[in-house]
Amino acid sequence: MNLNSAVFFDRDNTLNYDPGYLNDPNDVVLFPNVPEGIARLKNEYKFKIIVVSNQSGITRGLLTAEIVDAVNDAINAELQKHSTSVDAFFYCPYHPDFDAPEKVVCRKPSPYMVVKAAEKLNIDLSKSYMVGDKPSDILCGINAGVKTVLIDYNNDKDAINSLKKADKTPNFIASNFSNVCDFIISDYRENLIEN
Ligand SMILES: [Mg+2]
């Protein structure tokens, strides 16, 4: 059986603007070139597109699972205008301040959601990528054994400075979504030629 390659994305402040605990599907606004980039990765290069998101707003009582699902559906509705979509959304509703350790195990930087998704969608993690805006996204990717891309839309360098202190650096730092996709596609193609 041929395994799939995947790109795992954080959701808030990676795919869509994040007002903080996004609780209305009508407020979903994707960053520039997100639909076009996902269409390239999925429709041209056959990557599975998977979102892995911490949604502790649920355990905090600020969100419900239904709202998170509705926001995810709104993201896919935007992507479908460009004939593409997210294949699967995973989220962790728990937080260590409110929940038992055995529940919080899904929360990034744990690789739990990535590993679950890989089992479910037959993914080869050695040919896959994780993209996010926070250190926890990059650490999740490193913990899962995928290549990592940090997206820093505001160029504030907070995430990269914190990762450097921990001696954990992403494979690439991008300032916009097109850069993310360009890196992944060229890295993927290079590895196809080498192998
Ligand atoms: Mg984020």
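Okay, let's start with one definition: a residue is buried if 20 or more other C-beta atoms lie within 10 Å of its own, exposed if 12 or fewer, and partly exposed in between, with C-beta atoms placed from the backbone.

Some housekeeping. What you see above is a predicted model, where local features need pLDDT of at least 70, side-chain atom pairs count only at pLDDT 80 or more, and totals for chains, interfaces and linings use all residues. Residues are numbered from 1 along each chain as its sequence is written. When I say H or S, I mean helices (H or I, at least four residues) and strands (E, at least two), which are DSSP runs numbered from the N terminus.

Let's look at helix H2, residues 65-80. How far apart are its end C-alpha atoms? They are 22 Å apart, and that agrees with the 22 Å that 16 residues should span at 1.5 Å a residue. The expected span, by the way, is 1.5 Å times one less than the number of residues.

Now, which residues of H2 are buried? Val68, Val71, Asn72, Ile75 and Leu79 are. They cover an arc of only 100° around the axis, so they sit on the same side of H2; the arc is that of the directions from the helix axis to the C-beta atoms. On the other side of H2, Glu66, Asp73, Ala77 and Gln80 are exposed. Here's the background: an α-helix has 3.6 residues a turn, so residues three or four places apart point the same way. And what do the buried residues of H2 pack against? Helix H1 (34-44) and strand S3 (88-92).

H1 can be read the same way. Val34, Pro35, Gly37, Ile38, Leu41 and Lys42 are buried in H1. Their arc is only 165° around the axis, which puts them on the same side of H1. The buried residues of H1 pack against S1, strand S2 (48-54), H2 and helix H7 (177-194).

On to the strands, which pair if DSSP finds at least two bridges between them. S2 and S3 are parallel, with five bridges, and Ile50 stands opposite Ala88 in S3. To get from S2 to S3 the chain goes through H2, and this β-α-β crossover is right-handed. Right-handed is the name used if, with the strands pointing away from the viewer, the path from the first strand over the helix to the second runs clockwise.

Next is strand S4, residues 129-132. Three bridges join S4 to strand S1 (residues 6-9), and the two run parallel. S4 also pairs in the parallel sense with strand S5 (residues 147-151), over four bridges. Follow Tyr129: the bridge partner of Val7 in S4 is Tyr129, and the bridge partner of Tyr129 in S5 is Lys147. Both faces of S4 are covered, with Tyr129 and Val131 buried on one side and Met130 and Gly132 buried on the other. There's a right-handed β-α-β unit here too, made of S4, helix H5 (residues 135-144) and S5.

Now for the core. A nonpolar core is a set of buried Ala, Val, Leu, Ile, Met, Phe, Trp, Tyr and Cys residues joined through C-beta atoms within 7 Å. The largest one has 48 residues, and Val7, Phe8 and Val114 touch the most other members. Not counting residues up to four places away in sequence, Val114 touches Phe8, Val52, Met130, Cys140, Ala144 and Val146; touching, or contact, is for C-beta atoms, placed from the backbone, that lie within 7 Å.

You'll find Asp10 in the loop between S1 and H1. Is Asp10 buried or exposed? It's buried, because 24 other C-beta atoms lie within 10 Å. Asp10 and Ser53 are 43 residues apart along the chain, yet their C-alpha atoms are separated by 5.4 Å.

Most residues other than glycine have a negative phi, and most peptide bonds are trans. Asn33, in the loop between S1 and H1, has a positive phi near 70°. Asn155 is back again: its phi is positive, near 55°, and its place is in the loop between S5 and helix H6 (158-165). Finally, the peptide bond from Lys108 to Pro109 is cis, with omega near 20°.

Conventions: Contact = placed C-beta atoms within 7 Å.
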